[in-house]
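Have a try at each task before reading its solution.

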Amino acid sequence: MAAASFAFALSIAGCVPHTQPAELFQLAPESSAHRAMQTRFFETSNQQELLSASAAALQDLGFQIEESVREVGFLRAAKERSAREYGQDIGRVLTWLLSMGHVVMPVDLHQKIAAALVARPLNHEGARQEVRIIFYRVVWKGDGQADRNYIPPGEQTMEMIRDPEIYQQFFAKLSKAVFLEAHTI
């Protein structure tokens, strides 16, 4: 009887239309500002040189190129760094003390900072190119404990990097590299 009820519930659940929240496809008010921060335009007809200059700028910032698809103007690069912050360690110790040793908060241990770049022509002549880059990071947490429950290490979180400084650094290096390659200096 229980199996029949379960099967009936599954068949009804399959008939329910999937709805998506109305705000799913709406852009946040700050979306245009983020896009402006992530995008620059270059007056060049050579997309291959622009990609090479982009790769060089990323390497100057410590990234390693992981994937390059020149036919579609795509680059992906990453670098790995420690994610340890003293504030988290202090919070971990305070939590441990206040809970009298029952809670050990997991802290961030390691992070991978990644960049995805797309370069595309803006007109049919290809004399003007758009470069858009997005930086994001994946953080791995260490182990912890909540009372008698052990929290294993390895929990991951991903977040977009919205710090304008990293975008400004990248585009400053890219502008310089494009100028140098255009003038073969």
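This is a predicted model: local features need pLDDT of at least 70, side-chain atom pairs count only at pLDDT 80 or more; totals for chains, interfaces and linings use all residues.

Residues are numbered from 1 along each chain as its sequence is written, and side-chain values use heavy atoms, with hydrogens and water left out.

**Exercise 1.** Classify the ring pairs Phe63–Phe135 and Phe135–Phe170.

*Solution.* 
- Step 1: Rings of Phe, Tyr and Trp (its six-membered ring) pair if their centres lie within 6.5 Å; planes under 30 degrees apart are stacked, over 60 edge-to-face and the rest tilted. Searching the whole structure gives four aromatic pairs.
- Step 2: Phe63 and Phe135 sit 5.7 Å centre to centre with 40° between the planes, a tilted pair.
- Step 3: For Phe135 and Phe170 the centres are 6.3 Å apart and the planes at 75°, so this pair is edge-to-face. Phe135 belongs to strand 6 and Phe170 to helix 5 (residues 164–182), so the pair ties together parts 35 residues apart in sequence. Helices (H or I, at least four residues) and strands (E, at least two) are DSSP runs, numbered from the N terminus.
- Step 4: Phe63, Phe135, Tyr167, Phe170 and Phe171 form one aromatic cluster.

**Exercise 2.** Is Ser99 buried or exposed?

*Solution.* 
- Step 1: Buried means under 20% relative accessible area, exposed over 50%, partly exposed in between (1.4 Å probe, protein chains only).
- Step 2: Ser99 has a relative accessible area of 18%, so Ser99 is buried.
- Step 3: Ser99 is found in the loop between helix 4 (86–98) and strand 4 (103–104).
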